[in-house]
There are 2 protein chains.
Amino acid sequence: MFENKNRTEAGELGEFGLIDHLTKDTILYNKSSLKGIGDDAAIINTGKGKVSVVSTDMLIEGVHFDLSYMPLRHLGYKAVVVNLSDICAMNARPEQILLSIAASNRFSLEAMEELYSGIHLACKHYKVDLVGGDTSTSHKGLMLSLTAIGSADENKISYRNTAGQTDLLCVTGDLGGAYVGYQLLEREKRIFLEKPDFQPDLEGNDYILQRQLKPEARIDVIDMLNTLGIKPSSMIDISDGLASEVHHLCKQSNIGMVVYEDKLPIDSQTFEKAREFNLDPMICALNGGEDYELLFTIAQTDYDKIKGNPDITVIGHCTEPAAGINVVTKAGNTFPLKAQGWQAFS
Amino acid sequence: MFENKNRTEAGELGEFGLIDHLTKDTILYNKSSLKGIGDDAAIINTGKGKVSVVSTDMLIEGVHFDLSYMPLRHLGYKAVVVNLSDICAMNARPEQILLSIAASNRFSLEAMEELYSGIHLACKHYKVDLVGGDTSTSHKGLMLSLTAIGSADENKISYRNTAGQTDLLCVTGDLGGAYVGYQLLEREKRIFLEKPDFQPDLEGNDYILQRQLKPEARIDVIDMLNTLGIKPSSMIDISDGLASEVHHLCKQSNIGMVVYEDKLPIDSQTFEKAREFNLDPMICALNGGEDYELLFTIAQTDYDKIKGNPDITVIGHCTEPAAGINVVTKAGNTFPLKAQGWQAFS
C-alpha cells in the first residue's frame with residue numbers, strides 16, 4: 001500500500017536526520033516529562049527532586065552485530081553495556097533493564113541460554129535488575145531490544161545542552177580500541193571465508209578484542225565524579241565516535257570546541273595495531289566509535305579535582321560558538337573537526 | 001558456533017515456558033525493584049509511596065502484524081495501544097513511551113511518516129509523551145519495540161497474584177471482536193491473492209475491523225475505577241485471550257475460578273460474523289485474544305459500585321483452588337476451562 005507512491009529514501013536523511021524529521025512535531029503533554037528526545041536518555045520527574053532516567057536501544061543481527069565472531073554470551077553482555085552507558089551519560093546510575101528478544105528457529109534453547117548467561121553476568125557485574133521483557137519468534141535472525149532505567153537527584157543530571165564557553169573537555173578511558181579490534185576481527189573473518197581450514201590469529205590482541213567484544217559501561221566514573229564532588233556541565237557517551245559526539249555537544253550547547261590531537265588517550269596496543277592496518281591511530285580515536293566511554297565538560301574550577309586522574313583525560317576546551325569546532329594537530333596546525341561517525345570507515 | 005551442539009528447540013517450551021526457563025535464576029539487586037518479571041509490567045519504587053510502572057513489547061512484521069491489510073498509520077496507533085494496555089493492567093496511568101524502529105529499505109520516508117502519524121495520534125489521544133527511542137535499518141521487514149512508563153501510588157497497584165477466593169471476576173468492554181475481525185481480513189486476503197482484481201468486501205463490519213485494526217487501551221476504565229473508589233484485588237490485560245489470562249490469575253493467586261458462558265459480553269456484530277464463519281462466538285470470546293480489555297477481580301463488597309455499569313461485566317467468581325478453573329455453559333453444564341490462547345485457531 002505504500003510502495004506505489006512517489007517515494008523518498010528514508011536513508012537520505014541519515015539516522016539523526018530521520019529521527020529529527022519524524023519527531024519534530026512531538027508534543028509533551030505530561031509535566032513529568034522533563035526531557036524527551038534529543039539526549040542520551042529521557043528524564044522523567046518522579047517527585048520530590050528525584051528523576052527516572054530511561055533509554056532504549058535495538059540491536060539487529062547483521063546490522064549491529066555479526067555472530068560469526070561475536071559469541072552469544074558476549075553479545076548478551078555487550079547489549080546490556082550499550083544500554084547502561086546511555087544512563088551513565090546522564091550522570092545517573094542504572095538500576096533496572098527490560099529485554100525483548102526475537103529469534104528465528106535457527107537459535108536453539110542452548111543458544112538462548114548462552115545469550116542470557118551474558119545478560120545475567122552483566123546484571124551481576126553492574127548490580128542491575130532484569131525486571132521485564134518478552135521473547136518471540138522472528139522470520140530471520142536475532143533481534144534484541146533493551147530498555148535501561150536509572151534514578152538520580154534531578155539536580156545531578158548532566159544534559160548535552162549545558163556546556164559553558166570556558167569549560168574543559170574531558171574523556172574517560174582510551175579511544176579507538178573497539179574500532180581497531182573490529183578491523184582485526186573482520187580481517188580474520190575474510191581470511192577464514194577464503195580458507196576455511198585457517199586458524200584465526202588473535203593472540204596478543206586481548207585488549208583491542210575486549211574493547212570490541214566485551215566493553216564496559218563507566219558506572220565507576222559516575223561514582224567517582226560523585227565522590228570528587230564534580231557535576232559535569234554536559235555529558236554524552238561516545239558510541240558513535242568522539243568527533244561526532246563533540247559536534248552534538250557543540251550544537252546543543254551552542255558553543256565551539258578545540259580538541260588537541262596529542263592529548264587523545266590511545267592504548268599502545270590500539271596504536272600499534274592501527275599502524276599495522278595502515279590506519280592513523282588519531283583518526284581511529286576521533287572517529288572509530290563503539291568505545292562506550294564518556295565525553296564531558298567541567299568548569300575550570302574543577303580541574304584540580306581530576307588532575308592526574310588515570311581514568312580521565314582533558315583533551316580540549318570549549319570556546320565561543322563563532323570559533324567553530326577545531327582539532328589542533330601534533331604539528332600545531334588547526335583544522336575543522338569533521339563529524340564523520342564510524343560509518344566513514346565502512 | 002552454536003549450531004553443532006546437541007540442540008533443543010526453543011519453541012518446545014512455548015513463549016511463557018521459555019521466559020520462565022531463561023529468567024528463573026534472575027536476582028534482584030536493587031531494593032527499588034519492587035516487581036520484576038511475571039506481571040504485565042515491572043514496578044519500580046521511586047520513593048515517598050510512588051512507583052514507576054514499566055513494560056516493553058516487540059512487534060515484528062509477519063509475526064505480529066501483516067502489512068497487506070494493516071495500514072502503517074493503524075500499526076503505529078495499535079503498537080502504542082498494546083503497550084499502554086500493559087500499564088493499565090497494573091491499575092496505573094501511562095505517561096511516557098519510547099519507541100525503536102528498524103526498517104528495511106523497502107520502507108520509504110513517506111511510509112515512515114505514515115507509521116509515525118499513527119504513533120503521534122495515539123500519543124495525542126491518550127496524552128502520553130514520546131520521549132525517546134531510535135531508528136535503524138533492518139535487513140528484512142519492519143520491527144517495532146515500544147516501552148511504556150506510567151506512574152502510580154504504590155498502594156494502588158493491582159498485581160496478578162493477589163485475588164481473593166471469594167472475589168468477583170470482571171471484564172471490561174466486549175470480547176471476541178478482534179479475533180473475528182482477523183478472520184474476516186484473512187479471508188479477504190486469501191480471495192485477493194487468488195483473484196487480484198477482487199475488491200475486498202469489508203462493508204458493514206466496521207466494529208470488528210476496528211477491534212482488530214484500531215483497538216483502544218482502557219485508560220478510561222482506570223480513571224473510572226479510581227473515581228468509583230475501587231482497587232481491583234488483581235488485574236491482567238487480555239491480549240492472549242480470556243481463558244489463558246484466567247489461568248494466569250488463578251495460578252499466580254493460587255485460587256480457582258468459575259466463568260459463566262452466558263455472562264460473556266459479546267457484541268452483536270461479533271456474534272453474527274462468527275456464526276457466518278462457522279465459529280462458536282463463545283469460543284471466540286474465550287480464546288480469541290487481542291481484545292486489549294482488562295480482566296480483574298474485586299471484593300464482593302465493591303459489587304454495588306459497578307452494578308449496571310455499561311463498561312464492566314461480572315462474568316464469574318473466584319473459588320478455593322481445589323475447585324479448579326471451570327466454565328458453566330448456557331445449558332448449565334460445568335467443564336474445565338482450557339487455556340488455549342489464540343494460537344489454538346491458527
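Residues are numbered from 1 along each chain as its sequence is written, while chains are lettered from A and ligands numbered from 1 in the order in which they are written.

Let's begin with confidence. The pLDDT is the predictor's confidence in each residue, from 0 to 100. Chain A averages 93, and 97% of the residues score at least 70. Over residues 342–346 of chain A, however, the pLDDT is below 50. Where pLDDT is low, the predicted coordinates should not be read in detail. For the complex, the predictor gives an ipTM of 0.92 and a pTM of 0.93.

Now find the strands. Helices (H or I, at least four residues) and strands (E, at least two) are DSSP runs, numbered from the N terminus, and two strands pair if DSSP finds at least two bridges between them. In chain A, six strands form an open sheet with mixed pairing, in the order β1-β2-β3-β6-β4-β5. At its edges are β1 (33–35) and β5 (129–137) of chain A, each pairing on one side only. Inside this sheet, β3 (residues 50–60) and β6 (residues 142–153) of chain A run antiparallel and are joined by eleven bridges.

Next, look at helix α2 (residues 72–88) of chain A, which lies across β3, β4 (93–103) and β6 of chain A and runs at about 30° to β6(A). Such angles run from 0 to 180 degrees between N-to-C directions, with axes fitted to C-alpha atoms, for helices over the stretch in contact.

Further along chain A, strand β11 (residues 312–319) is joined by five bridges to β7 (residues 168–172), and the two run antiparallel. Strand β9 (residues 256–260) of chain A also runs antiparallel to β11(A), with four bridges.

Finally, see how the chains meet. Counting residues as in contact if their C-beta atoms, placed from the backbone, lie within 7 Å, 77 residues of chain B touch 77 residues of chain A. On chain B's side, β5(B) gives the most, with nine residues.

Conventions: This is a predicted model: local features need pLDDT of at least 70, side-chain atom pairs count only at pLDDT 80 or more; totals for chains, interfaces and linings use all residues. Two residues are in contact if their C-beta atoms, placed from the backbone, lie within 7 Å.
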